[in-house]
Amino acid sequence: MQLDGTFQTCTVSLGIARFPNDGTDFDTLYRKADMAMSQAKTAGRNTFRFFDEAMHAQLVERRHLLSLLRGALERHELRLHYQPQIDLHTGEVIGAEALIRWQHPELGVVSPARFIPIAEESGLIVPIGNWVMREACRQAKAWQDAGLPRFVVAVNLSAVQFRLPDFCQTVADALTDSGLSPDCLELELTESLLINDADGVLETVRELKALGLQLSIDDFGTGYSSLAYLKRFDVDKLKIDQSFVRDMDRDADSAALVLAIVQMAHSLGLKTIAEGVEHEHLAAALRSLNCDEAQGYHFARPMPAVDFEGWLRNVVALPEDR
């Protein structure tokens, strides 16, 4: 339709529940149709979904996990594991990515893929994200005070967390309270985050860079095709998605994409880091393409802080060990 001289497009997301298989009364049918509509929206909108019992099971599980997650911070069930990041050309440990884990007394280890989306939808990602930021900074400073080499700790950001009006102050407080130098903190952003509300995001990025920390784009290559934002946002590093890295030796297109990302990043003065490096031949291939850094099971799995410190002391010759 045309409104005030511009053309507007209206699309529809439909959820369908069928009588009598899905229910015999209006309230039941309406509730199940609403579940199906949510699935249609999740699938990209402008489509339809029929209700099935798997949707109901997923809803029940999500509600159960949400009720357990609400007190996880207070019960000290959340943990941070750290995965080292390696300079591909020198072998030096140049960073560590902080990865959240949920250790529930009955459920065991709950995958972040299960509880992070629930945390984002419910708003719990804000206190959880703030805790991750503060704990990662505290731990990084504690390692430095213990005589370990100085390196960068990387923290993933949620879009919900990033868009809070006081987010920059939260980051500044985490740095001040921990005593960690800003250049030892790296925040990982997503491509979609940089695209949406570009002007508002740009201002936040400028404030973060003014603090002196580093910014990287996570899972680069899987999001938007437009690269114009790389010119606008002062990021430091592109993180090449593991789906490209793991297929490099079997898929020429994946190898070509990795090479293109590395060359483009270097032409813009950015570094590159490849994730999901599980074998030495992949590390060698990345070196040949002049990729700067890497992380993955080939080097080390994510580890609790104590285990990470022990691992680091084994691979680095520290002054007190000589």
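**Aromatic rings in the predicted model**

Phenylalanine 115 is buried, with a relative accessible area of 0%; here buried means under 20% relative accessible area, exposed means over 50%, and partly exposed is in between (1.4 Å probe, protein chains only). The model is predicted, so local features need pLDDT of at least 70 and side-chain atom pairs count only at pLDDT 80 or more, while totals for chains, interfaces and linings use all residues. Residues are numbered from 1 along each chain as its sequence is written, and side-chain values use heavy atoms, with hydrogens and water left out.

Now to the ring pairs. Rings of Phe, Tyr and Trp (its six-membered ring) pair if their centres lie within 6.5 Å; planes under 30 degrees apart count as stacked, over 60 as edge-to-face and the rest as tilted. By this rule, the count comes to ten aromatic pairs. Phenylalanine 48 is partly exposed at 44% relative accessibility, and phenylalanine 50 is partly exposed at 37%.

Tryptophan 102 and phenylalanine 115 also form an edge-to-face pair, at 5.5 Å centre to centre and 80° between the planes. This pair links distant parts of the chain, 13 residues apart: tryptophan 102 belongs to strand 6 (residues 93-104) and phenylalanine 115 to helix 3 (residues 112-122). Helices (H or I, at least four residues) and strands (E, at least two) are DSSP runs, numbered from the N terminus. Tryptophan 102 is buried, with a relative accessible area of 0%.

Elsewhere, ring pairs join Tyr82, Trp143, Phe151, Phe308 and Trp311 into a cluster.
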